[in-house]
Amino acid sequence: MSAATAMRYAKMERIKPRTLSGFMELLPPRQAQMDAVMQVLRETYALYGFTSIDTPVIEAAEVLLAKGGGETEKQIYRFTKGDSDLALRFDLTVPL
């Protein structure tokens, strides 16, 4: 790295990492606990014939808004990509 590049990096503000509101971040010890709990749940569900599903986190906004009612507009992060009106799904009730 050149001296000029090093000086630019030294002048840059340090960004302090933080967990965003509404999101969970599990470091290794807590993740191990979560994995153990999830495994017990999977095994218990399997005893009764249930299997897991994995649905997209991103949905067409119209799907979320049609099934969720007026409060949903406040609970989703909505954005466009090209011509698509998309939203992040906030729970699993819509795909179920």
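Here is a short talk about the sheet and a pocket of this predicted model.

Reader: What makes β1 and β3 a pair?

Author: Two strands pair if DSSP finds at least two bridges between them, and β1 and β3 (residues 84-88) have 3 bridges in the antiparallel sense. So by the definition of at least two bridges they pair. One of the contacts joins Ala-60 to its bridge partner Leu-86 in β3. Strands here are DSSP runs (E, at least two residues; helices are H or I, at least four), numbered from the N terminus.

Reader: What makes β2 and β3 a pair?

Author: They are antiparallel over 5 bridges, and Arg-78 stands opposite Ala-87 in β3. Their hairpin has 2 residues between the strands, and Gly-82 takes a positive phi near 65°.

Reader: Why are β1 and β2 left without a neighbour on one side?

Author: The open sheet runs β1-β3-β2. β1 (58-60) and β2 (77-81) stand at the edges with a single partner strand each, so one side of each has no neighbour in the sheet.

Reader: How do you know which class the residues lining the second largest pocket belong to?

Author: Ala, Val, Leu, Ile, Met, Phe, Trp, Tyr, Cys and Pro count as nonpolar, Asp, Glu, Lys and Arg as charged, and the others, Gly among them, as polar. The lining includes Phe-23, Gln-75 and Arg-89, and by class it has 6 nonpolar, 1 polar and 1 charged residues.

Author: Residues are numbered from 1 along each chain as its sequence is written. Local features need pLDDT of at least 70, side-chain atom pairs count only at pLDDT 80 or more, totals for chains, interfaces and linings use all residues, and side-chain values use heavy atoms, leaving out hydrogens and water.

Conventions. On a 1 Å grid over the protein atoms alone, a cavity is a set of points where a 1.4 Å probe fits but cannot get out, and a pocket is an open set with protein on both sides within 12 Å along at least five of seven lines; lining residues have an atom within 4 Å of a point.
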